[in-house]
Amino acid sequence: MTLSDLAPFLEFSPPELTAIILSLKVAGVATVASLPVAVFIAYALARWRFPGHAALNAIIHLPLVMPPVVTGFALLLLLGRKAPLGAFLADHFGIVFAFRWTGAALAAAVMSFPLMIRPIRLSFESIDERLGLAARSLGANRLWTFFLVTLPLAAPGVIVGTILGFAKALGEFGATITFVSNIPGETRTIPSAIYSLTQTPEGDADALRLAAVSAAIAITALVVSEILQKRADATRAGR
Amino acid sequence: MIAVDVTLKRGEFSLEAAFESKARILALHGPSGSGKTTLAHLVAGLVAPDAGRIAINGARLVDTAQRLNVPPEKRRIGLVFQDALLFPHLDVRTNILFGRFFTPKAERRVPFDAVVETLGVGHLLRRRAGALSGGERQRVGLARALLCSPRLLVMDEPMASLDYDRRQEIMTLIERLRDEFSIPILLVSHAADEILRLADEVVSLDRGRIVAQGLPSETLAAASRITEGGRFSVVSALEAQVGAFDARYGVTRLDHPAGEIVVAAHVTNGERKVRALINATDVALSHRKPADISIRTALEGKIVAIDEDDGPLAFVHIELIGGERLVSAATRLSVDAMNLTVGSAIFTLVKSVALDERELGAGATARE
């Protein structure tokens, strides 16, 4: 088998291409938008003791253990067009999640959040808190200390969390299809497209192709995260 | 000038401490758990007291009655930690300049080049902080604290994790910092030799209370009797003028009001005064100035106290001519055999070989 034999296999039809691009957009937006929140909550869970600490931790991890359909259904109940919060956001800010790609991004963000937050939190916990005190004594206020000392030291965890979150967001299916359905060009991401193809006769070959793309992206993400973490560890060890 | 009057309670531990000092190097001394580190952290602002006041050179940092508690980043107090706590993701240069970046331009009194020169960290500047040895880390830590031009340097056991030679080296550097940059230093330490060599004054703590404050040689001699180190941790410090170096024998003579101290080394720091540390176990006693004996150092004084219990040992406290005190460890047997009593004149004999140059610290050139 030569490369030219492979060419037809790698030639995507317009709907497939749309699904791939949409998937990247949804996962990208979900990751970028949830990263600052994840960093903040990871820091709070790692460093602060406050009432509701355990409850917050549990809520964040719920999507990991609940059936994704339930998470999607919960989002629908909360942010659907007729739901109180959904209607309020639509009327006052013009923000609509239901059956839009933004909703797919939200579902992906919620589902990938626990995976994203865990390495970031572990990273914060592994930093000697007295380094922050040293920075404070040298004149840096809390904000400077966070951005000059704490966050750079947590960078390996932040990078790993981002990549894991992105990979998870790309693969999100259950919550997405429940919350925003499976609309071509709007909410039909790679997993939804694969699902649709498996429901049509003769669709298996196309499904296999998209599955391969999906696996390739996921494996690349894992390899990159591994390399970055190794490099960060080496830097920290002073080499 | 540092003035502290604070109380703090954390679970079982309670701290109640009030002191004032004008010393150039003030030591906080005590066993672990005595609260000396907590007290240093209170001064630096890393911990807030339940009640009390803290002021440095007239600047109020804490006054709970007025709800004043200046945050650590506004206190301008340089902190040096036992393990240096350099920022591992930054190189040495960035580490050193970290505090300077946050110091208002008008208050950047301490020049970068002078610090790098004095602490000998020039060749390390491009290295990563994680790649330094213990002594190097500590020097970089000192440079970093110094370059924020602090009103006070707080050093929390800065030499506790270093070996003997590195400790001597860091002590020499601390003396140079004191003399070159005239920044007062608060030194937290449990090591008597560090305090005797460096400090002008010591505050001694035990279980959260101040048990003594005063000259290091007097305060520590009293305190170390009860500590775990026993007879080997009792050390006296004598201040003397560096005299002539006898090249023929390789010895240096130090002039002390009570007599000549002979050191088996070439003491090089010129016209300075030095502080010689003498272990109580290296001091012998004699009623007359002996002639037929190998010991060349015989200092004259009188016995002011004999500290003994049921054990075999006695600590004889001697006030030398000139007012300084020296402690000699002897057996109770010899105290009785020699008929030593408080008030009697005595010669203290110190073997020259027990003194070595590294035990000599540069003495304070001037005391406030």
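Visitor: At what angle do the axes of helix H2 and helix H3 of chain A cross?

Guide: An axis here is a line fitted to C-alpha atoms over the stretch in contact, with angles from 0 to 180 degrees between N-to-C directions. In this predicted model, H2 (residues 14-47) and H3 (residues 53-65) of chain A come within 10 Å and cross at roughly 140°. That makes H2(A) oblique to H3(A); under 35 degrees is roughly parallel, over 145 roughly antiparallel, 65 to 115 roughly perpendicular, and the rest oblique. Helices are DSSP runs (H or I, at least four residues), numbered from the N terminus.

Visitor: Which residues make the contact?

Guide: Contact means heavy atoms within 4.5 Å. H2(A) brings Ile41(A), Ala44(A) and Leu45(A), and H3(A) brings His53(A), Leu56(A), Asn57(A) and Ile60(A).

Visitor: How far apart are the C-alpha centres of the domains of chain B?

Guide: Bounds come from an automatic or database domain assignment, which gives domain 1 (2-227) and domain 2 (235-362) in chain B. Their C-alpha centres lie 31 Å apart.

Visitor: What about numbering and cut-offs?

Guide: Residues count from 1 along each chain as its sequence is written, and chains are lettered from A and ligands numbered from 1 in the order written. Local features need pLDDT of at least 70, side-chain atom pairs 80 or more, while totals for chains, interfaces and linings use all residues, and side-chain values use heavy atoms, without hydrogens and water.

Terms used:
Helix = DSSP H or I, 4+ residues; strand = E, 2+ residues; numbered from the N terminus.
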